[in-house]
Amino acid sequence: VATCSGLLRDLFGTCLRQSETSLRPALDLFEACLRLVLGGSIPHAEVEVVRTVEDILIQEAGVPADILVRAKERLRDDKDLGQALGELGVLDAAAWAKAQATFYKLPYRETVNEDECQQELLARVPLAFAKQYQLLPLIQQHGTVTVAMANPREIAALDDLRLLFSARIEPVIVPQLILQE
């Protein structure tokens, strides 16, 4: 029961962090929990360990734990952890975007070329909306619109785009500075 409770906690945490386009890990955890409740065992390889963004920053971006604590103390409503770490000089926008992409299990790109953007998509998104949510629709293929964005936590903006384009939205994480250009 304790194992099942832990799996459910992981499931709900994953659901809160994921957009509708990337819920496969949550569904896998749910299936594993159901098998456990129904009396089956769960092979260890089927349960995915969910790392925190802090773990990713320490392990992959090389941010020292003490600096991470200092950055968390600097957080405000208008500043995220990446900006706080940037102000401390230990993380740039590209490293923050990579960490977020890793955490949310989304693709990452360092650049976006102008020729990748379909003008008809750009024309449908109000400029103020695109600037506010730091996103840029790139291409529509096979019923899916690929959108470059700096903040994968802007799920409401992705949902608005889904309604606007009547299509599935696939986010790609890019450094914030790329979208400001």
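Gln 100 is located in helix α6. The model under discussion is a predicted one.

**Gln 100**

- With a relative accessibility of 2%, Gln 100 counts as buried, because the cut-off for burial is under 20% relative accessible area.
- The side chain of Gln 100 is joined to that of Arg 153 by a polar contact of 2.6 Å.
- When residues up to four places away in sequence are not counted, Gln 100 touches Ala 150, Asn 151, Pro 152 and Arg 153.

**Second largest pocket**

- The second largest pocket holds about 370 Å³ of space.
- Its lining is made up of 22 residues, and those nearest the centre of the pocket are Asp 80, Gln 83, Trp 96, Gln 134 and Gln 176.
- Two or more lining residues are given by each of the elements α5 (81-87), α6 and α8.
- Helix α6 supplies the largest share of this lining, namely four residues.

**Aromatic pairs**

- Two aromatic pairs are present in the structure.
- In general terms, such a pair is described by the distance of the ring centres and the angle of the planes.
- The ring centres of Phe 103 and Tyr 104 lie 4.9 Å apart and their planes stand at 85°, so this pair is edge-to-face.
- Phe 103 and Tyr 104 are both buried.
- Phe 129 and Tyr 133 form a tilted pair, with 4.9 Å from centre to centre and 55° between the planes.
- Helix α8 (residues 127-133) contains both Phe 129 and Tyr 133, which are four residues apart, or about one turn of the helix.
- Phe 129 is buried, as is Tyr 133.

**Arg 109**

- Arg 109 lies in the loop that runs between α6 (93-104) and α7 (119-124).
- The relative accessible area of Arg 109 is 26%, so the residue is partly exposed; partly exposed residues fall between the limits of 20% for buried and 50% for exposed.
- Arg 109 and Lys 98 are 11 residues apart along the chain, and their C-alpha atoms are separated by 8.4 Å.
- Leaving aside residues up to four places away in sequence, Arg 109 is in contact with Glu 116, Leu 138, Val 172, Ile 173, Val 174 and Pro 175.

Note on methods: Residues numbered from 1 in each chain as written. Predicted model: local features only at pLDDT ≥ 70, side-chain atom pairs only at ≥ 80, totals over all residues. Heavy atoms only, no water. Buried < 20%, exposed > 50% of the residue type's maximum accessible area, 1.4 Å probe, protein only. Contact = heavy atoms within 4.5 Å. Phe/Tyr/Trp six-rings, centres within 6.5 Å; stacked < 30°, edge-to-face > 60°. Polar contact = N/O pair within 3.5 Å; in protein donor to acceptor, adjacent residues only side chain to side chain. 1 Å grid on protein atoms, 1.4 Å probe; cavity = no way out; pocket = protein on both sides within 12 Å on 5 of 7 lines; lining within 4 Å. Points joined across faces, edges and corners; volume = space filled by probe spheres on them.
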